[in-house]
Amino acid sequence: MHNFSNQNPLVSTIKGLCRVCYTCVRECPVKAIKIIDGQADIINERCIACGNCVIVCSQGAKTYYSSVNKVEEFIVSQNKTMLCIAPSFAAEFTEIKEYKVFIGMLKAIGFDYITEVSFGADLVAEEYKNIFENEKIKSVITSDCPAIVNYITHYHPDLVEFLAPVISPAMAMAQVVKQKYGDEIKVVFAGPCIAKKAESNSFDENLTFLELREMLKNKNISQENVTASDFDNPISGKGAFFPINHGLLKSINKTEGFGKGEVITAEGKVKFKEAVNEFEKGLLENHHLELLCCDGCIEGPGMSKGVPKLVKRMNINSYVNNKISNLSFEKWEKEKAEFSNIDLSRTFEPQDRRLAKPKKNEIEKVLVSMDKKQEKDMLNCGACGYINCEEHAIAVWEGLAEIEMCLPYTIEKLHKSVDDLNKSNQNLSDTKQALKQSEKLASMGQLSAGIAHELNNPLGIITLYSSILKDELNTESDIYDDIKIIDEQAQRCKTIVGGLLNFARKNKVNLKETNIINFIEHTFKSFVKPENIEIKLVVEIENPTVQIDNEQMMQAVTNIEKNAVEAMPEGGILNVKIWEKTEDFIIEISDTGLGIAEENIEKIFTPFFTTKGATKGTGLGLPLVYGIVKMHKGKINVKSNNKPENGQTGTTFIISIPK
Ligand code: ADP
Ligand code: MG
């Protein structure tokens, strides 16, 4: 036997194959599996080597120590090698019709002798019979399943005293073989069990049936190319029933009973634990427990997958019945007597591997971190692999589980991420929209600059000559009024072209340290304020000194203020507020005017967009503002309400500029 350790574990994960489906976490009867680095890894100290994870992993990501190389070494060594085969072979090698052919195949591998472990079971069964029938022994837990022994010694150390003080059939058989064939012989077992590999030092290696198949395949051995042979002595009897449900009882002609001093059987990873728990609580006092970790050894992890359970049972039954009908009882009894000197006794040591349990508030803390704050949040769905939310929380506290294993929690988190993603998507599309707008304005700017430039000169000439003409004409002249109109309109054209040139002005600002409060107060003087309009200034800025291009910013702010005044023909309040954020200072200009229709909000920064009619508006004010704010690396936003039913109408322009 090997000393299995963290470095040399009996059962382990094949890195990379694990897809973290939590099936093994869920199925491990002792919660010995933890998600480490995205892999469901086995915690060696906690593992009872039942091999359940090997059975349930659909990805083949769980493996166990292979004895094949060691056994091949034994075969080629000087020593004789004995293979003791577990009777469950009849449930595994179902394709081989005659057991003697199978023995021939095993001999062909190179084993010198082949015996059946069930002779050891025959001896042990006798011992159990004595215990069960001994009035003085009230309760006992069978100890022939090594995973059960691990379970009791690690997780129910208080029950160790109840473990039957009897060696296992394999350990008994190892002694038999050594007594009969000499101490030098290498004793190899073959069976359906992984835990057996770590059961005892009394034998050298333990192959699973799957490993045995591998050896047959390595040597190209088939039914056709071997000579049939028979088992070597000693020949076994009913002990061959051991690997099926109630097998031990069957081998000693007993049935399950619930009366005092009778035997209760429990097999499989759920039932054996329930039985132990009930036993521990004293509910099964004065009963013996026959426990198997698997659903009978024939369901062990060392068996091929996919063979129907009842077929396996049937095969064992017919093999054993056939064997018994051919058995010479006289010879069998004689052989049993020959080995009656063998010491079948055994003791067990508790090896407490239980973890400290968290306090109630510590469990609650974990539950809260999984968004489980009230009773109704405890779905107890079991998707995490634990029977309820509390068990999961305990495992998290113990460092065995992660909160992400909670499916409802993870789904909730996913929903939130989707929401966040949607939000940032929305932001992105807003920014895209703004970018499109600024691109549009930029190309408009280029176009208008071109046109304005071309028009500027002829316009200059028209205004020059029209004003000369006007000056030379007598005001009484017939055409004086006509010339006057030409002159006025030509002047208006010049203003528009000037505005266009302003709008298209190249990105140049002449930043100067400016007291923003004085500056804003000054803007109020740049336009004529009607009587019915009140101006209010609010200042919430600590240091009023900012960097701006005075001339341009004056144009921008007054443009907005003029618009505001124009939007309040019936009077109102022009509110200006100066405030700040960490990086920016903000000028907020709002009016209580008519507001902007929703469909126009998008258009107001487009050159020539005006709702004021061709003679009054140019539609160049806000495009200019936009250009100036951009040149200051700032932002401009508009909020407006033009529907009295939604409250006070009016418009607010918010300009934020880096300090
Ligand atoms: P103009 O003032 O020559 O019309 P602007 O570019 O300054 O050109 O403004 C464009 C349009 O935006 C205006 O015609 C008006 O419809 C709208 N607008 C701007 N500011 C306001 C405001 N404070 N209240 C209502 N509408 C406004
Ligand atoms: Mg305007």
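**View 1. The loop that holds P234.** In this predicted model, P234 sits in the loop between α9 (209-218) and α10 (247-251). The peptide bond that leads from N233 into P234 is cis. Its omega is near 0°.

**View 2. K31, a non-glycine residue with positive phi.** The phi angle of K31 is near 50°. That value is positive, yet K31 is not a glycine. K31 belongs to the loop between α1 (23-27) and β2 (33-36).

View 3. D371 is found in the loop that runs between α14 (360-369) and α15 (389-397). Its phi is positive, at about 65°, although D371 is not a glycine.

**View 4. Strand β5, covered on both faces.** Five of the five residues of β5 are buried. One side carries T81, L83 and I85. β5 (residues 81-85) runs parallel to β6 (residues 113-116), and four bridges join the two. Within that pairing, M82 stands opposite Y113 of β6.

View 5. β8 spans residues 186-191, and five of its six residues are buried. β5 and β8 run parallel and are joined by five bridges. Two facing pairs can be picked out here. T81 stands opposite K186 in β8. L83 stands opposite V188 in β8. β8 also pairs with β9 (residues 205-208), again in the parallel sense, over four bridges. In that pairing, G191 has T208 of β9 as its bridge partner.

**View 6. The shell around ligand 1.** There are 20 residues around ligand 1. Which of them come nearest? They are N563, T610, T611, K612 and L622. By type, the shell divides into nine nonpolar, nine polar and two charged residues. Three elements each supply at least two shell residues: α19 (550-566), α21 (621-631) and β18 (650-658). α21 gives the most, with three residues.

**View 7. Polar side-chain atoms beside ligand 1.** T610 places a polar side-chain atom 2.6 Å from an oxygen atom of ligand 1. For K612, a polar side-chain atom lies 2.7 Å from an oxygen atom of the ligand. D591 faces a nitrogen atom of ligand 1 instead: an N or O atom of the D591 side chain is 2.8 Å from that nitrogen. How much of ligand 1 does the protein bury? Taken alone, ligand 1 exposes 530 Å², and the protein buries 92% of that area.

**View 8. Domain layout of the protein chain.** The chain is divided into domain 1 (1-65), domain 2 (66-338), domain 3 (360-405), domain 4 (406-506) and domain 5 (507-659). Domain 2 and domain 3 have C-alpha centres that lie 40 Å apart.

Terms used
Residues numbered from 1 in each chain as written. Chains lettered and ligands numbered in written order. Predicted model: local features only at pLDDT ≥ 70, side-chain atom pairs only at ≥ 80, totals over all residues. Heavy atoms only, no water. Near = heavy atom within 4 Å. Polar contact = N/O pair within 3.5 Å; in protein donor to acceptor, adjacent residues only side chain to side chain. Areas by Shrake-Rupley, 256 points an atom, 1.4 Å probe, with all protein chains shown as cover. Nonpolar A, V, L, I, M, F, W, Y, C, P; charged D, E, K, R; others polar. Domains from an automatic or database assignment. Buried < 20%, exposed > 50% of the residue type's maximum accessible area, 1.4 Å probe, protein only. Pairing = 2+ DSSP bridges.
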